[in-house]
Amino acid sequence: MPEDEQEQLESGISRKNFIVAAGIGALAVPTAVTAVTSATAEAGTQPRRLPLTPKCTDGDDEPTPAQTEGPYFTPGSPERSDIRAGKQGTLLTVTGIVYSQDCKPVNRALLDFWQCDAAGVYDNRGYVLRGHLFSGADGRYTLTTIVPGLYPGRTKHIHVKVQAPNARILTTQMYFPNEPRNNTDTIFDPRLLMTMSQGPTGLTGTLDFVIRV
């Protein structure tokens, strides 16, 4: 699996072109997180303090880190906020806010998600667990999905592309705290950890994005 970041510096790309583009890179996340891996806990060692995830303040903020697209991106995903398409698994709601670098919410930012199912398998023939949506006027997005399984050699993750209207594209990944494979996955970046909470019907993961506009 390629590990190089695929940031494209093309500006002015339309939302339509983003949906049909394949292999584009550039952007990613917020929220302070301190995670303790299961391996660390079992070993009885001191928790490892992770670097803070980029988040918006009131200045010229750093954009969310970009990550590799991986081999399984499929262009032309359907517009929908629920990408389960009948797949069973632990219900997961992913939410957050898309910000510009000056901390203003981005309206109509495009977010395109794809992931494997609970067994670690990607749908490469159709659009199961694939889809795109747009942020609201307040920059907020909400995705309904399931917790992904373990793909060989990787920790649990969700892929995403984020693009403000007519701006460059951020390609990155979203991670889960306290996953043992976070320690061995060479692509994993602790700055891209979601903040997780347990609700009455499933899990909620929160991750903001700071993007170039």
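User: How many of the contacts between residues at least 6 apart in sequence join residues at least 24 apart?
Analyst: In the protein chain, 75% of them do. Contact means heavy atoms within 4.5 Å. This is a predicted model: local features need pLDDT of at least 70, side-chain atom pairs count only at pLDDT 80 or more, and totals for chains, interfaces and linings use all residues. Residues are numbered from 1 along each chain as its sequence is written, and side-chain values use heavy atoms, with hydrogens and water left out.

User: Which pattern does the protein chain follow along the sequence?
Analyst: It reads α-α-β-β-β-β-β-β-β-β-β. That is two helices and nine strands. Both are DSSP runs numbered from the N terminus: helices are H or I with at least four residues, strands are E with at least two.

User: What order do the strands take in the open sheet?
Analyst: The order is β3-β2-β5-β6, four strands with antiparallel pairing. Two strands pair if DSSP finds at least two bridges between them.

User: Which strands stand at the edges?
Analyst: β3 (130–134) and β6 (169–175) do. Each has a single partner strand, so one side of each is left without a neighbour in the sheet.

User: And the twist, what does it average?
Analyst: 20° from one strand to the next. Axes are lines fitted to C-alpha atoms, for helices over the stretch in contact, and angles run from 0 to 180 degrees between N-to-C directions.

User: How many bridges join β2 to β5?
Analyst: Five, between residues 110–114 of β2 and 157–163 of β5. Asp 112 has Lys 161 in β5 as its bridge partner.

User: Switching to packing. How much of the protein chain counts as buried?
Analyst: 52% of its 213 residues. Buried means under 20% relative accessible area, exposed over 50%, partly exposed in between (1.4 Å probe, protein chains only).

User: Which residues touch the most other members of the largest nonpolar core?
Analyst: Val 98, Leu 111, Phe 113, Tyr 141, Met 174 and Phe 209, out of 27 residues. β1 (91–100), β2, β4 (140–146), β5, β6 and β9 (209–211) each supply at least two residues of this core. Such a core is a set of buried Ala, Val, Leu, Ile, Met, Phe, Trp, Tyr and Cys residues joined through side-chain atoms within 4.5 Å.

User: Leu 143: buried or exposed?
Analyst: Leu 143 counts as buried, because its relative accessibility is 0%. Leu 143 lies in strand β4.

User: What does Leu 143 touch?
Analyst: Leaving out residues up to four places away in sequence, Leu 143 touches Ser 81, Ile 83, Leu 92, Thr 93, Val 94, Phe 113 and Leu 133.
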